[in-house]
Amino acid sequence: MQLITKSVVATLLFSSYVFAQAPETGKPEDTTGALGDAKVNTEDPSGPAYWADFSGTKLSGGLKFYPTKEGVRVEVAMRGFPTEGGPFTYHVHDQPVPSDGNCTGTKAHLDPFIRGQKVPCDPKRPQSCEVGDLAGKHGKIPADIANGTYTTSYIDKYITLEEGPGAFIGNRSIVVHLADGKRYACANVTDLEGPSGQNAGPRFTPGYWGCGLGVAVGLKFLLV
């Protein structure tokens, strides 16, 4: 009987996830995901770091992700933006970039709590935004950055570098969008110590990335 009860509960929970719908209207300050706010993740500071290298795309540079006690530290340093089409946004997307490099293959934004993007993210309430909406939570890339390098860094408490949760980004991708939503460039998020990361060289050393740049889902695991 207990096993049957647990199975029924699990089925109901799974059904609520499958049939949940992201909000389509409302005020950003009042809107959250269909499954509630994103959860704060606990990172192991000794865990692996990740990066998204945009070399070979329309952009150069990329993003690096480090685990800290406060959350995931994100370092951004990119250049090569077009003179028109901004401001630019960037997000973690659910799927990696396919072998043909087509950014459409990365599917939708990483959004385990089914927040959606029809109601804009409120950066004052990052827990209520799509987990993968990095630009919404931390700022868009300015439209006038065409002749320079965009650099920024911040802590994000809602993505994670720990495998298992739906907010894990290590097997996904970063996509840069034009202001009209079109996908401009994309790159996979991979282990910084993996084969591709080992070729990063000094330009990806923490704290000096921007300088070198100019030279070159159980449901439980899905939600917590």
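Modeller: Strands are DSSP runs of at least two residues, numbered from the N terminus. The model is a predicted one. Strand S4 gives the largest share of the lining of the largest pocket, namely 3 residues.

Biologist: What makes a residue part of that lining?

Modeller: A lining residue has an atom within 4 Å of a point of the pocket. The largest pocket has 23 lining residues, and Thr 89, His 91, His 109, Gln 117 and Asp 133 lie nearest its centre. By class, 9 are nonpolar, 9 polar and 5 charged.

Biologist: How do you know that Cys 103 and Cys 186 form a disulfide?

Modeller: The cut-off is a pair of cysteine sulfur atoms within 2.5 Å. The sulfur atoms of Cys 103 and Cys 186 are 2.1 Å apart, so the pair counts as a disulfide.

Biologist: Why is Cys 186 called buried?

Modeller: Buried means under 20% relative accessible area. Cys 186 has 6% relative accessibility and therefore counts as buried.

Biologist: Why is Gln 127 called partly exposed?

Modeller: Partly exposed lies between the limits of under 20% for buried and over 50% for exposed. Gln 127 has 23% relative accessibility, so this residue is partly exposed.

Biologist: Why is the disulfide of Cys 121 and Cys 129 called right-handed?

Modeller: The torsion about its S-S bond is about 75 degrees, so the disulfide of Cys 121 and Cys 129 is right-handed.

Definitions and conventions
Residues numbered from 1 in each chain as written. Predicted model: local features only at pLDDT ≥ 70, side-chain atom pairs only at ≥ 80, totals over all residues. Heavy atoms only, no water. 1 Å grid on protein atoms, 1.4 Å probe; cavity = no way out; pocket = protein on both sides within 12 Å on 5 of 7 lines; lining within 4 Å. Helix = DSSP H or I, 4+ residues; strand = E, 2+ residues; numbered from the N terminus. Nonpolar A, V, L, I, M, F, W, Y, C, P; charged D, E, K, R; others polar. Buried < 20%, exposed > 50% of the residue type's maximum accessible area, 1.4 Å probe, protein only.
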